[in-house]
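Colleague: Hey, can you walk me through this one? I'll just ask things as they come up.

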Amino acid sequence: MTDVTTDAAGTRLRRSPLAGRHTALGAKFAPFGGWEMPLEYAGGGVLREHTAVRTGVGVFDVSHLGKVRVTGPGAVAFLNACLSNDLDRIGSGRAQYTLCCDDATGGVVDDLIAYRYADDHVFLIPNAANTAEVVRRLRAAAPPQVTVTDEHQAYAVLAVQGPGSAELLGGLGLPTGHDYMSFSAATLDGVELTVCRTGYTGELGYELVVPAGDAVAVWDVLFAAEPAPQACGLAARDTLRTEMGYPLHGQDLSMEITPVQARSGWAVGWDKPAFWGRDALLAEKAAGPARTLRGLEAVERAIPRPGMAVFHGDTRVGTVTSGTFSPTKKQGIALALIDTTPSPLPDGTELHLDLRGRRAPVRLTRPPSSTPPSKPAVDYEVVVTPRRAG
């Protein structure tokens, strides 16, 4: 079972099975999705961790992510009639970024990764805060022969990311040559685990799904390697994914922000006869969204933050959904929902942020803000993964 702690406000938070290792490394913790997770580590912080992933290899504990197993005859067919992407596009041994949308509105309940083991076996990784709701909706819709099991606390997930990730894992005898968004079963020092070539940084990377009770042993093997990887927290994960334009649910995707608005329509199987939200999304796609997710880059010294208003002249045209300082570009960057009416603004248009009454110039761009040399050939998040995606 996962440990539970209480924050200063009395809120109960789950703890990763690796919490002790994070404490030993001087981690600064923060609540995230109902969990207490490392934000950054002593001895370098966000900049060092971000740079390690862009130039070498970093390891993230993302055990807060949900784990849901869907089994039984017709499991793939059932999920294909619920989730947005088309599971028939992939075969066994492959993973897919997909969305769980609200059937009435098309809003995004969650974005998640689906691991297709067989026609009767799919493993889902949703976001921490939304796992219970995804499970509830799937259970309510599942036919009698399909079982939806919440295994949130049964597994840990370690994301090994960066151009040095294959060398690190390969040196430990783990498989690294499989295609992007595919996975393999493996064994590390007697621990059975799954290695999937996915990630949320834009770099070459892998995610290890490990039984929770073996998480410490796997962590210790990774960090005993020479050279040792850099431990990375959620703050670096956020700067890395924002540089790539990958959305974070609750900010860039939500019940109020549809896949059409978030420019995530590539993760929708538009030709499928059924999936949750299909009618609403087809109608919005046909009419054209009133706003779309765009990129922003600061022209001067300014750091965009979520919720900041975006102006074109004297007219408010949007709102920042994610914003940070890019360690790679050395400037402020953001994702923002920008109005499409009366007509979409072209890339390069100068806009302004409202920074507590002061106007700061920004330039409209198309993500990603940074393109790493080891960036995968296929994006599973346009702006995902996955990425997921948090």
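Colleague: What do β12 and β13 form, and how many residues lie between them?

Modeller: They form a hairpin with two residues between them. Strands here are DSSP runs of E, at least two residues long, helices are runs of H or I with at least four, and both are numbered from the N terminus. Before we go on, this is a predicted model, where local features need pLDDT of at least 70, side-chain atom pairs count only at pLDDT 80 or more, and totals for chains, interfaces and linings use all residues. Residues are numbered from 1 along each chain as its sequence is written, and side-chain values use heavy atoms, with hydrogens and water left out.

Colleague: OK. In which sense do β12 and β13 pair, and over how many bridges?

Modeller: Strand β12 (residues 183-188) pairs with strand β13 (residues 191-196) in the antiparallel sense, over six bridges. To count as a pair, two strands need at least two bridges found by DSSP. For one example, Ser-184 sits opposite Val-195 in β13.

Colleague: What is the phi of Asp-189?

Modeller: Phi is near 50 degrees there, a positive value in a residue other than glycine. Most residues other than glycine have a negative phi. Asp-189 is in the loop between β12 and β13, and it counts as exposed at 66% relative accessibility. Exposed means over 50% relative accessible area, buried under 20%, and partly exposed in between, using a 1.4 Å probe and protein chains only.

Colleague: And what about Arg-356, buried or exposed?

Modeller: Arg-356 is exposed, with a relative accessible area of 84%. Its phi is positive too, about 50 degrees, although it is not a glycine. You'll find Arg-356 in the loop between β20 (350-355) and β21.

Colleague: Changing topic: which peptide bond to Pro-227 is cis?

Modeller: The one from Glu-226, with omega near -5 degrees. Pro-227 is in the loop between α6 (215-223) and β15. The bond from Pro-367 to Pro-368 is also cis, with omega near 5 degrees, and Pro-368 is in the segment after β21 (358-365).

Colleague: Now the open sheet. What is the order of its strands?

Modeller: Five strands, in the order β7-β8-β9-β6-β10, with antiparallel pairing. β7 and β10 (147-150) are at the edges with a single partner strand each, so one side of each has no neighbour in the sheet. On average, neighbouring strands are turned by 25 degrees against each other, direction ignored; the axes behind such angles are lines fitted to C-alpha atoms, for helices over the stretch in contact, and angles run from 0 to 180 degrees between N-to-C directions.

Colleague: Which helix packs on that sheet?

Modeller: Helix α4 (residues 131-141), which touches β6 (68-71), β7, β8, β9 and β10. Its direction makes about 165 degrees with that of β10. Contact means heavy atoms within 4.5 Å.

Colleague: How many bridges join β7 to β8?

Modeller: Eight, and the two strands run antiparallel. Leu-99, for instance, has Asp-111 in β8 as its bridge partner.

Colleague: What about the largest nonpolar core? How many residues does it have?

Modeller: It has 35, and Phe-60 and Tyr-115 have the most contacts inside it. A nonpolar core is a set of buried Ala, Val, Leu, Ile, Met, Phe, Trp, Tyr and Cys residues joined through side-chain atoms within 4.5 Å. The largest share of this core, four residues, comes from β7. A second, separate core of 27 residues includes Val-57, Leu-158, Leu-169 and Leu-193.

Colleague: And Asp-61, buried or exposed?

Modeller: Asp-61 is buried, at 3% relative accessible area. It belongs to strand β5 (residues 58-61). Its side chain makes a polar contact with the side chain of Ser-16 at 2.5 Å, and another of 2.7 Å joins the side chains of Asp-61 and His-22. A polar contact is a pair of N or O atoms within 3.5 Å; within protein, one must be able to donate a hydrogen and the other to accept it, and residues adjacent in sequence count only if both atoms are side-chain atoms.

Colleague: Last one: where does pLDDT stay under 50?

Modeller: Over residues 372-390. pLDDT is the predictor's confidence in each residue, from 0 to 100. The chain averages 93, and 94% of the residues score at least 70.
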